[in-house]
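Here's a walk through a protein model, from a spot on its surface to the charged pairs inside. Keep the structure open and click along.

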Amino acid sequence: MAYSVSHNSFSTISLFVGFLVVASSLAPVLSSPLMSDSGNRQMKNHTFKPAKDIQKLRRINAYLKKINKPAVKTIQSPDGDIIDCVLSHLQPAFDHPELRGQKTSDPPARPKRHNSTDANPENLQLWTGSGESCPQGTVPIRRTTEKDVLRASSVRRYGRTRRRHVRRDSTGSGHEHAVVFLNGDQYYGAKASLNVWAPHVTNEYEFSLSQIWIISGSFGNDLNTIEAGWQVSPELYGDNYPRFFTYWTTDAYRATGCYNLLCSGFVQTTNKIAIGAAISPLSSYNGRQFDIDIMVWKDPKHGHWWLEFGSGLLVGYWPAFLFSHLRSHANMIQFGGEIVNTRSSGFHTSTQMGSGHFAEEGFGKAAYFRNLQTVDWDNNLLPLTNLHLLADHSDCYDIRQGRNNVWGNYFYYGGPGRNVRCP
């Protein structure tokens, strides 16, 4: 659930190390971006071709018919979204050959030492503000529109990441991060409270997100990740609202996986949360602070990776068969923020990370993660050890770590992007 948090004084330590953070990138609208020698993004002019455009619209309509399932109830959200209440067994996940005709998995055993209470999701997302809800036996799904798909480079790539070479050093990829990570062990889940803001995103080709990464495999073609958190992505959603999102891939973002429910894979079980819908309320500078709890962990019985949102609300799961390495365990966990810097004007973007303020500003001004934990082989929630910090462009976005008895392991992170030290 969303929490309002009061001020505490914290001591911070910082430790900077090098590392690749795996992340997602979104594709451009209709036309293809070109990179000039200076790194500027330029748009290629397109000639109107009726036959080609009609063919594309046909593909879009076929995709929309496939992804938008019949609704037993429709809810209009104040932000313009349409939320369809879809019968659980008709959701996109069950288009997958290995799930077709199957029932949803039984709820998993929650990790020991996990304190959950009755979830109260009514104030977590904008679409629930009208008092409307989806009936039992259905799942709320944000309807995909023609405009959504037209913002992507192609129908095939909508809701997926643009293919790119994944390197252990992320410098020069356009992706910039401020994260805490741990590796060198076997991990079976992670949990944290994420402070929610509405960072400014400079253009449609960039995004700003804060999330938990569950990672396994090598940094090559077989990388497996599960990701969950909040993001502002004008290209994916058509606006600047922070939205609850998920992502997964089993081949380093090349062909498998997608955001939210935009392909068959993730099985949603709740009728209270719409993945991809806008979060409410939000934090304000020098004002009230709100955060959301997110936990991802491996069901010891069936091996599926489950997602919990708020205090005890099971959102759904990624079936074990989707993955290769993550079918067993994760070998790396990450928490933190990421942006895309396209240098569209020839210099560093002004897209913000977190609150848009540096970590040193602290509570009420800088964004934070708190109560960082991992899940071990015996389904125990444990505090983090052997933490590493990475801010790969610390003059643009930075991070500071701390620990106390109230917030456990925590960190502040983020920044404004372009400034006098970040040209």
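V72 counts as partly exposed, at 49% relative accessibility (partly exposed sits between buried, under 20% relative accessible area, and exposed, over 50%, with a 1.4 Å probe and protein chains only). You'll find V72 in strand 4, residues 71–76. Together with L87 and L90, V72 makes a nonpolar patch on the surface, with about 210 Å² of accessible area. Such a patch takes residues with over 30% relative accessible area and no salt bridge, joining nonpolar side chains (Val, Leu, Ile, Met, Phe, Trp, Tyr) within 5 Å; the areas are Shrake-Rupley values with a 1.4 Å probe.

Before going on, a word about what you're looking at. This is a predicted model, where local features need pLDDT of at least 70 and side-chain atom pairs pLDDT 80 or more, while totals for chains, interfaces and linings use all residues. Residues are numbered from 1 along each chain as its sequence is written, and side-chain values use heavy atoms, leaving out hydrogens and water.

Now for the overall picture. The protein has three helices and 21 strands, taken as DSSP runs (H or I for helices, at least four residues; E for strands, at least two) and numbered from the N terminus. Of its 423 residues, 59% count as buried.

Helix 1 covers residues 50–67. Its buried residues are K56, I60, Y63, L64 and I67. They span an arc of only 100° around the axis, which puts them on the same side of helix 1; the arc is taken from the directions from the helix axis to the C-beta atoms. Turned away from that buried side is a face with the exposed residues A51, R58, K65 and K66.

R243 lies in strand 11 and D81 in the loop between strand 4 and strand 5, so the pair ties together parts 162 residues apart in sequence. R243 is buried, at 0% relative accessible area, and D81 is buried at 6%.

Note on methods
Expected span 1.5 Å × (residues − 1). Patch = residues over 30% accessible without salt bridge, like charges linked within 9 Å, V, L, I, M, F, W, Y side chains within 5 Å. Salt bridge = Lys/Arg side-chain N within 4 Å of Asp/Glu carboxyl O.
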